[in-house]
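Work through the exercises below with the model open. Each task is followed by a solution in steps.

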Amino acid sequence: MPVSTTGPTRVTVLADSDTRWKWGALTALRIAPEARLDARLLRGRATPTTRQIEEVGIPAASMREVTVPEFLAEMKGPAENRHESADLVILSCVGGTVQAMLHGLGRAWQGTAHRPVVLTGYVGVVYEKLADGLLLRHGADIVLANSAHDAERFRAVYAGVGADTAAITETALPFLDDGRSYEADPGRPFTVVFAVQPSVPDNRKDRTYLLRRAIDHARFHPDREVLVKLRSKPGEHTTHIEEQPYQKLAAKLDPPANLRLVYGNMGEVLDRTDLLVTVSSTAALESMHRSIPTAVLTDLGIRETLGNHHFLGSGALASWDQIDAGQVPRADPAWLRAHGVAAENPFGAVRDRVSALTGRAADGELPPLAPYYTPVTASGYLPGVLARHGLDPKGEPIDGTPDAAAEPSRMRRATRDLARNAARTAYRQGVQRVAPVIRRWGQL
């Protein structure tokens, strides 16, 4: 199949959780709705279950679990048609995995005139590890920023280390769809949805507090329906580890009949929501996009570790006490525009960039992938990142080394050994460079 010069005809999404599969698949559909979509689910702790895939509800032409070496082997393919496996590869993974894939793919495509375009980004609000996460993603052809606010911050990080900023492309979260705009429905009870998060807050005390406040709200307002929107069922994992599932906490609190725990697609839940309440979930942006009243909780403080500081200036910050008293927050329009919630044609720039790059790929003009992190810039960091994913410092799969996700204990040992060896090598090289200088000093 020839590579399209007007846009991708085949898109492969590598995802490591249900949320990232949703982001990657929807991003692919926003860019090229007619393209063939192939799903590769990275085998590991958070590999999506069948139920989670069905809940996302996006079909793919092919879908299977892979390890990092298996994915690299597929992307490499026969030398004469490496580019035919995909026109666009979307790396929808954590930063360390993206970095490993950039080095692994760079090695796999070494010496070929044709390769796919590589795109990555973030599945939601970027409120922590800004520099770390961004530099781990540097080297992709396209790094998506979900708003003008994010694009400005991303460019500042890359420029600050002297890295190329051209890959940063402003867009919006792909699940900010064209769903119906909010209208109160007098035919059903006023519905309050508490959208929980797997790891925010991350301790039993705070999670119990928030759930108890939702239960109290249901008791204070027996005419309302209160839904606690859960992310996963017991035994399932999401992007973040859930150490204290709300299901278990709720079983000990005796909630009233007008409070229910619900699963399902967030968009379908929002169809019946009159007020969304959360700490800092991306669901808040989906809700605001539909003009649904949205409250970002301040009960536990406004703190970077909670992520609710992202909503400063939004007009959405509120406490359970204020919600109990009848407060219904409304988001500030200027804040929404700056944060990609009410943007016009938000996917136009990324479509144009992907089209231009796939055209260059067809002519064999794409340069090799060039991440900022290399054995020169990060000799004490990069080898460990690569080793955790079964790759040596050159980006080649380690012979006989188990995949990181499949056998974490053995992988940790391999990572430690590789990182130690890399550090020793860097030390020896440093000694070799400075030894002549030391000798000269001794002769002065």
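**Exercise 1.** How many bridges join strand β1 to strand β4, and how do the two strands run?

*Solution.* Five bridges join β1 (residues 10-15) to β4 (residues 88-92), and the two run parallel. One of the residue pairs is Thr12 with its bridge partner Val89 in β4. Strands (E, at least two residues) and helices (H or I, at least four) are DSSP runs numbered from the N terminus, and two strands pair if DSSP finds at least two bridges between them.

The model is predicted: local features need pLDDT of at least 70, side-chain atom pairs count only at pLDDT 80 or more, and totals for chains, interfaces and linings use all residues. Residues are numbered from 1 along each chain as its sequence is written, and side-chain values use heavy atoms, with hydrogens and water left out.

**Exercise 2.** Give the strand order of the open sheet and find its edges.

*Solution.* Step one: the seven strands follow the order β3-β2-β1-β4-β5-β6-β7, with parallel pairing. Step two: β3 (62-66) and β7 (168-170) have a single partner strand each, so one side of each is left without a neighbour in the sheet. Step three: neighbouring strands are turned by 25° against each other on average, direction ignored. Step four: helix α3 (residues 68-76) packs on the sheet, touching β1, β2 (36-42), β3 and β4, and its direction makes about 135° with that of β3. Axes are lines fitted to C-alpha atoms, for helices over the stretch in contact, and angles run from 0 to 180 degrees between N-to-C directions; contact means heavy atoms within 4.5 Å.

**Exercise 3.** Describe the surroundings of Arg188.

*Solution.* Step one: Arg188 lies in the loop between β7 and β8 (191-195). Step two: its relative accessible area is 21%, so Arg188 is partly exposed (buried is under 20%, exposed over 50%, partly exposed in between, with a 1.4 Å probe and protein chains only). Step three: leaving aside neighbours within four places in sequence, Arg188 is in contact with Arg180, Asp271, Arg272, Thr273 and Asp274. Step four: the Arg188 side chain reaches the backbone oxygen of Arg272 at 3.4 Å.

**Exercise 4.** Is His221 buried or exposed, and which residues does His221 touch?

*Solution.* Step one: His221 is found in the loop between α7 (204-220) and β9 (225-229). Step two: with a relative accessible area of 16%, His221 is buried. Step three: not counting residues up to four places away in sequence, His221 touches Asn258, Ile323 and Asp324.

Conventions: A polar contact is a pair of N or O atoms within 3.5 Å; within protein, one must be able to donate a hydrogen and the other to accept it, and residues adjacent in sequence count only if both atoms are side-chain atoms.
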